[in-house]
Amino acid sequence: RFPEYGSLLLRNEGIVCPIIGFNGGVLWDGETKTVMKDHPLPHEDVLRVQEILQHFDTPYYVFGNALLASSDVNHLHPSQRYYGDQMINDYGIRYTHGFQAIQAAVEQPVNKFLIYHFKDNANREAIISEISRLTGVALTSSGPDNIEVIPKGIDKGTGVTEMAALHGIPLENVMTAGDYENDISMLRAAGWGVAM
């Protein structure tokens with residue numbers, strides 16, 4: 001998820017802390033609500049991913065700095081559906097929808113694409129095949145029905161490593177917990193990795 005959403009959910013429970021967002025692509029300070037480190041996708045790959053997804057006519061999100069663009073004008077991300085006003089007012093999140101919104105979003109730094117629906121398995125495999133040819137991106141998944149496009153060489157493991165270094169915490173003193181494919185790198189990076 002994007003860091004502001006994670007921060008909001010924790011703040012609502014009285015917890016204020018740093019956040020690793022976008023699968024390690026952004027390190028975010030929950031106290032000051034600012035980005036500490038940012039690893040966007042290469043711009044040329046962003047444009048190509050967007051072309052591929054438009055060609056396959058599949059719905060997806062584009063995530064950037066305080067921005068969430070949805071290709072589907074009728075589909076709200078859960079953060080907008082359940083916490084939209086709070087996300088906008090407390091974090092300055094911009095929610096945009098439709099083709100023009102996507103066109104504007106990909107001209108800015110992009111941290112992640114999330115493809116959340118496929119017509120069928122052949123459609124999913126074709127999209128994976130096309131995107132996998134790009135040199136600056138990696139594919140992962142946070143559930144059986146999605147594909148996430150992130151910068152090559154950046155993952156939750158690099159995020160945990162960078163966050164620990166920023167706070168002077170040895171990795172052997174770090175615990176991570178995760179439940180899906182995109183969590184494997186952070187489970188391996190930490191001294192204590194717990195698969196849920």
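Which strands does α2 lie across, and at about how many degrees does it run to β7? I opened the notebook with this, keeping in mind that the model is predicted. I found α2 lying across β4, β7, β8 and β9, and its direction is at about 20 degrees to β7.

**Entry: the sheet.** I looked up the strand order next. Six strands form an open sheet, in the order β6-β5-β4-β7-β9-β8, and the pairing is mixed. I noted β6 (94-97) and β8 (137-140) as the edge strands, each pairing on one side only. On average, neighbouring strands here are turned by 20 degrees against each other, direction ignored. I then checked β7 against β9: the two run antiparallel and are joined by three bridges. I took F113 as an example and found that its bridge partner in β9 is V149.

**Entry: L53.** I went back to α2 (residues 43-56) and picked L53, which lies in it. Is L53 buried or exposed? I have it as buried, because its relative accessible area is 0% and the cut-off for buried is under 20%. Leaving aside neighbours within four places in sequence, I listed its contacts as T58, Y60, F113, I115, I127 and I131. I also looked up R124, which is 71 residues from L53 along the chain; their C-alpha atoms are separated by 11 Å.

**Entry: the cores.** Which residues have the most contacts inside the largest nonpolar core? I noted L53, V62, F113, I115, I131 and V149, in a core of 24 residues. At least two residues each come from α2, β4 (60-64), β5 (67-70), α4 (99-105), β7 (110-115), α5 (121-132) and β9 (147-151). The largest share, five residues, is supplied by α2. Apart from this core I found another, of 17 residues, with Y5, F63, A66 and Y116 among them. As background, I wrote down that nonpolar side chains in soluble globular proteins tend to be buried together.

**Entry: I131.** I listed the contacts of I131 in the same way, leaving aside neighbours within four places in sequence. They are V49, I52, L53, I115, V137, L139 and V149.

Terms used
Residues numbered from 1 in each chain as written. Predicted model: local features only at pLDDT ≥ 70, side-chain atom pairs only at ≥ 80, totals over all residues. Heavy atoms only, no water. Helix = DSSP H or I, 4+ residues; strand = E, 2+ residues; numbered from the N terminus. Buried < 20%, exposed > 50% of the residue type's maximum accessible area, 1.4 Å probe, protein only. Contact = heavy atoms within 4.5 Å. Core = buried A, V, L, I, M, F, W, Y, C linked by side-chain atoms within 4.5 Å. Pairing = 2+ DSSP bridges. Axes fitted to C-alpha atoms, helices over the stretch in contact; angles between N-to-C directions.
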